[in-house]
Amino acid sequence: MISEKNYRLGSKSSIIREIFSFGQMRKAQVGADKVYDFSLGNPSIPAPDSVRRAILDVIENQPETIHAYTAAPGDLGVRDTIAKSLNRRFGEEFTGANIFMTCGAAASLNICINALANEGDEFITFAPFFPEYRCWVEGAGATLRVARPEASSFQIDFADFKRLLSPRTKAVIVNSPNNPSGVVYSEETIIRLTEMLREKSRENGSPIYLITDEPYREIVYDGCQVPFVTKYYRDTLVCYSYSKSLSLPGERIGYIALPGRVEDYDRLMAAVAGAARVLGFVCAPSLFQQVIARCVEDTGDINAYKRNRDLLYEGLTRLGYTCIMPQGAFYLFVQAMEEDAAAFCERAKKYDLLLVPSDDFGCPGYVRIAYCVAEETIVNAMPAFEKLAREYER
Ligand code: PLP
């Protein structure tokens, strides 16, 4: 007998990947410039030149170690460099010992969830949420519970969140800037959330951990600030990745930051190492650990995403679409023009517009548009968006 749980997780492919594959097929049929593929969160801007220079530098100057294993938590010099950068930027007090290098945010989250989860535990997240959370939480033998967003702002609906808190709540996962809404949780939201977590932890007699999923931390617009959550809540595990900020999703590099003051720190850090071991990560890629240390505070050209956001938001609202103005990440969350978002996306396909229905994000009735695409894709897609909107005027 094969594992039913893993069969179930593997046999249903991600809707995002399905739409992306459909797009590849359509591009082969009608030409790439005739298909407006907004399905995948693959950064469209190139990695900054500092990444290319860093790769060459490592290849030239560290040939003996670039292909070698590192220690499981990563190279200590690299971890020290990341710790110092976080201290400088966010007033933290990390050393390299607080940083565990990972194969991207997916690995960071999966490791943290597995480090914490016992049978029967519950993890809470907020809709709309990254669909892989369900896979990771259920894979760890725990249950995912999903709180509604506040209707107009897409911040947290605290009444709904309160309803889900229980003695079984092990951790809460927040993702800000958010995929798919582009919303950044305000300082007010973080303060209220962390107050509730402190209160419930006291009542439970054990900590509820807060896992922050922040691959989009640097991708924010109009001077928007992303609160660094460790400053507001002691028991925080930070999951970071360079996939988006440095446009390196295929290189699989990120980290977990665990403050030393976290409840049960030593045992939790050991459980992080244990989970990484069980999941078979061994160590994060050596070459890219060294590259990161050389470009630790760099990003790609975030302005290109801002131009895309403005173009798309203005264009779509002019055509009658209703959407949230994103403050970060590179997604626009748009209300479908009929109740069934999947049916709306099917209709959009007629115009070779590839949008992702929001059902798997736990928030039906919307579509996600990933605007990490070439600017001309947005410009050229506007007539197709117009034809689609017209269908609903009749
Ligand atoms: N979390 C969120 C919210 C994401 O959007 C993604 C990727 O799109 C990930 C985690 C996984 O990122 P990574 O490529 O670093 O594993």
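The accessible surface of the chain comes to about 17200 Å², and carbon and sulfur atoms hold 50% of that area. These values come from a predicted model. Of the 394 residues, 55% count as buried.

Next, the overall fold. The chain has 13 helices and twelve strands. Its radius of gyration is 21 Å, close to the 21 Å that the globule rule gives for 394 residues, so the chain is as compact as a globular protein of that length. The C-alpha trace spans about 65 × 55 × 55 Å along its principal axes.

Ala71 sits in the loop between α3 (49-61) and α4 (76-90). Ile113 is 42 residues from Ala71 along the chain, and the two C-alpha atoms are separated by 22 Å. Ala71 counts as partly exposed because its relative accessibility is 46%, between the 20% and 50% limits.

Helix α10 gives a view of the interior. Seven of the nine residues in this helix (residues 286-294) are buried, so α10 is largely enclosed by the rest of the structure. The buried residues are Ser286, Leu287, Phe288, Gln289, Gln290, Val291 and Ile292. What covers them? The cover includes α3, α4 and strand β2 (99-102). An α-helix has 3.6 residues a turn, so residues three or four places apart point the same way. In α10, the buried set runs through Ser286, Leu287, Phe288 and Gln289, and on through Gln290, Val291 and Ile292.

Now the charges. The chain carries 44 positive and 51 negative side chains. The centres of the two sets lie 1 Å apart. The salt-bridge count is 32. One of these bridges joins Glu122 and Arg168, at 3.0 Å from N to O. This pair links distant parts of the chain, 46 residues apart. Glu122 belongs to strand β3 (residues 122-126), while Arg168 lies in the loop between α7 (158-164) and β5 (169-175). Which of the two partners is buried, and which is partly exposed? Glu122 is buried, because its relative accessibility of 8% is under the 20% limit. Arg168, at 45%, is partly exposed.

Arg309 and Asp310 form another bridge, with their closest N and O atoms 3.0 Å apart. Arg309 is buried, at 2% relative accessibility. Arg347 and Glu338 also meet in a salt bridge, at 3.8 Å from N to O. Here Arg347 is partly exposed, at 31% relative accessibility. Glu338 is partly exposed as well, at 24%. Beyond these pairs, Arg89, Glu214, Arg217 and Glu218 are linked in a network of salt bridges.

The backbone holds some features worth checking. Where are the cis peptide bonds? One joins Ala127 and Pro128, with omega about -5 degrees. Pro128 lies in the loop between β3 and α6 (132-139). Strand β3 is also the strand that holds Glu122. Another cis bond runs from Ser176 to Pro177, with omega near -5 degrees. Pro177 lies in the loop between β5 and α8 (187-204).

Positive phi values come next. Arg252 is not a glycine, yet its phi is near 60 degrees. Arg252 is found in the loop between β7 (236-241) and β8 (254-257). Its relative accessibility is 32%, so Arg252 counts as partly exposed. Ala329 is not a glycine either, and its phi is positive at about 55 degrees. This residue lies in the loop between α11 (302-318) and β9 (331-335). Is Ala329 buried or exposed? Ala329 is buried, with a relative accessible area of 0%.

The last stop is Ser358. This residue is found in the loop between β11 (356-357) and β12 (366-370). Ser358 is buried, with a relative accessible area of 0%. Which residues does Ser358 contact, leaving aside its neighbours within four places in sequence? They are Phe333, Ala341, Cys363, Pro364, Gly365, Tyr366 and Val367.

Note on methods: Residues numbered from 1 in each chain as written. Predicted model: local features only at pLDDT ≥ 70, side-chain atom pairs only at ≥ 80, totals over all residues. Heavy atoms only, no water. Helix = DSSP H or I, 4+ residues; strand = E, 2+ residues; numbered from the N terminus. Rg over C-alpha atoms; globule rule 2.2 N^0.38 Å. Buried < 20%, exposed > 50% of the residue type's maximum accessible area, 1.4 Å probe, protein only. Areas by Shrake-Rupley, 256 points an atom, 1.4 Å probe, with all protein chains shown as cover. Lys, Arg positive; Asp, Glu negative; His and termini not counted. Charge placed at Lys NZ, Arg CZ, Asp CG, Glu CD. Salt bridge = Lys/Arg side-chain N within 4 Å of Asp/Glu carboxyl O. Contact = heavy atoms within 4.5 Å.
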